[in-house]
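These are my notes from one sitting with a single model.

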Amino acid sequence: MQAHQRSISEHEGKLLHDVAEFDRTEAWRGDGALSMADWLVGFLHISRTRARRLVQAAQRVERLPALSTALAEGRLTFDVFTPLSAVATSESDAEFAAHGERLTPKEARQFATDARGATDPEMAAHFRRRFVRFDDERRLLWAQLTGDTYALVKSAIVGRARRGDHPSAHDPDYEPFESRCADALCDLCVERRPGRGTTAASGGVRQARLIVHTDLDRLLYGDGYGHASIEGVGPVSAEVARRIACDADITLAFEGADGTGLDQRPLRRDPTEAQRIEIRRRDGGCRFPGCPCRNVTDVHHVMWVSKQGETVLSNLLTLCVAHHSRVHELGWTLDGDANGEVRFTNPHGRVFVSYPSPAWRRRPRK
């Protein structure tokens with residue numbers, strides 16, 4: 001299957017060069033098409049969404065030789081090439097091509113989002129586009145929120161839905177997580193009298209939290225300096241970070257030159273809250289390769305405490321319930337540095353490699 005995929009990527013790389021030349025000369029007009037995308041839909045019989053992606057990617061191949069070569073040689077897939085090429089420049093082309101070889105499509109999108117950053121005009125445009133809409137007939141509602149309000153709403157709903165006393169999936173009273181999220185949303189909208197389950201102590205409900213990671217330079221000097229992002233949402237402009245910081249608890253953290261959070265003293269078995277925040281930022285969910293789980297995760301020691309493993313960032317990573325059980329009860333082994341490469345080995349000796357989120361460590365300034 002890997003060989004088939006490399007061959008597919010090689011053909012897609014060649015296809016992009018052909019599309020670029022065909023589009024540049026507007027040869028599609030001779031076949032009566034109104035655009036290159038229309039020609040692809042009509043003559044290659046592909047979806048319009050894929051046709052648009054091909055045309056957009058083809059417009060970048062000539063100015064990004066390293067990424068284009070990596071795709072044509074099968075070292076990158078089209079799904080990884082597309083988001084990276086959207087933000088790559090002639091200066092970052094080779095760096096992105098080398099880094100992209102180990103990224104999944106999801107990680108490539110995260111990397112591209114982080115590399116693109118955010119500005120005040122973009123944040124203002126997002127604010128103007130906010131809405132909540134209702135469909136009374138089907139009892140549906142959907143919303144477009146700004147990054148910070150989305151993070152707050154999600155935190156409040158997920159915090160209430162993740163009850164520690166909830167029955168297992170094998171219990172007849174089991175409710176799926178998304179159903180519990182629906183209940184939590186209703187719970188948020190119902191005004192409760194004091195003492196009726198509105199606190200963590202009485203009802204097991206977590207307070208909604210919004211976590212922003214930002215460089216001090218960005219807060220002080222604006223968008224041209226440093227980086228700022230909302231955990232689980234992505235980059236934000238300096239002004240958004242400043243607005244949130246106006247009414248927030250602020251924690252100062254010292255980092256290495258590459259943006260790595262410095263380890264705290266291993267004083268106890270359980271990670272501190274500061275460590276948990278940094279681990280969530282670094283891992284972005286379950287660290288098992290390809291696992292999409294982001295919300296229901298546990299912090300795990302790579303080298304167990306019983307084997308003298310320390311409670312430091314390099315020895316801690318997040319795993320979902322299913323993959324956590326694999327490294328405890330189901331015979332998988334785990335080794336490596338959680339801040340870098342971690343290797344999962346199944347009972348048959350096959351190794352799966354995991355890396356931190358590509359947006360965790362910033363590239364050195366030039």
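I looked up His45, and at 68% relative accessibility it counts as exposed; buried means under 20% relative accessible area, exposed over 50%, and partly exposed in between, with a 1.4 Å probe and protein chains only. The model is predicted, so I kept in mind that local features need pLDDT of at least 70 and side-chain atom pairs count only at pLDDT 80 or more, while totals for chains, interfaces and linings use all residues. Residues are numbered from 1 along each chain as its sequence is written, and side-chain values use heavy atoms, with hydrogens and water left out.

His45 has a positive phi of about 60° although it is not a glycine. I place His45 in the loop between α2 and α3 (48-58). Helices (H or I, at least four residues) and strands (E, at least two) are DSSP runs, numbered from the N terminus. Most residues other than glycine have a negative phi.

I noted Arg139 as well, which is not a glycine and has a positive phi of about 60°. Arg139 sits in the loop between β1 (131-135) and β2 (140-144). With a relative accessibility of 72%, Arg139 counts as exposed.

**Whole chain**

I counted 15 helices and ten strands in the chain. Of its 366 residues, 35% are buried. Among contacts with a separation of 6 or more, 54% come from residues 24 or more positions apart; contact means heavy atoms within 4.5 Å.

**Aromatic rings**

How many aromatic pairs does the structure hold? I find seven. Rings of Phe, Tyr and Trp (its six-membered ring) pair if their centres lie within 6.5 Å; planes under 30 degrees apart count as stacked, over 60 as edge-to-face and the rest as tilted.

The ring centres of Phe22 and Trp39 are 4.8 Å apart and the planes stand at 50°, so I log this pair as tilted. The pair links distant parts of the chain, with Phe22 in helix α1 (residues 2-24) and Trp39 in helix α2 (residues 36-44), 17 residues apart. Phe22 is partly exposed at a relative accessible area of 24%, whereas Trp39 is buried at 16%.

Phe96 and Phe111 make an edge-to-face pair, 5.0 Å centre to centre with 75° between the planes. This pair also links distant parts of the chain: Phe96 is in helix α6 (residues 93-100) and Phe111 in helix α7 (residues 105-116), 15 residues apart. Phe96 is buried at 2% relative accessibility, and Phe111 is buried at 5%.

I also recorded one aromatic cluster, formed by Phe288, Trp332, Phe344 and Phe352.

**Charges over rings**

For this entry, a charge sits over a ring if NZ of Lys or CZ of Arg is within 6 Å of the ring centre and within 35 degrees of the ring normal. Arg50 lies over the face of Phe78, 5.6 Å from the ring centre. Arg133 lies over the face of Phe131, 3.7 Å from the ring centre.

**A sheet**

I traced an open sheet of three strands in the order β3-β4-β5, with antiparallel pairing. β3 (212-214) and β5 (234-235) are the edge strands, each with a single partner, so one side of each is left without a neighbour in the sheet. Two strands pair if DSSP finds at least two bridges between them. β3 and β4 (residues 228-230) run antiparallel and are joined by three bridges. Val212 has Ile230 in β4 as its bridge partner.

**Cysteines**

I searched the whole structure for disulfides and found zero; the cut-off is a pair of cysteine sulfur atoms within 2.5 Å. Which cysteine sulfur is closest to that of Cys291? It is the sulfur of Cys286, at 3.8 Å, too far for a bond. For Cys320, the closest cysteine sulfur is likewise in Cys286, 3.8 Å away and too far for a bond. Cys291 is buried at 14% relative accessibility, and Cys320 is buried at 7%.

**Ser92**

Last, I checked Ser92, in the loop between α5 (78-87) and α6. Ser92 counts as buried at 10% relative accessibility. A polar atom of the Ser92 side chain lies 2.9 Å from the backbone nitrogen of Thr89.

Terms used:
Polar contact = N/O pair within 3.5 Å; in protein donor to acceptor, adjacent residues only side chain to side chain.
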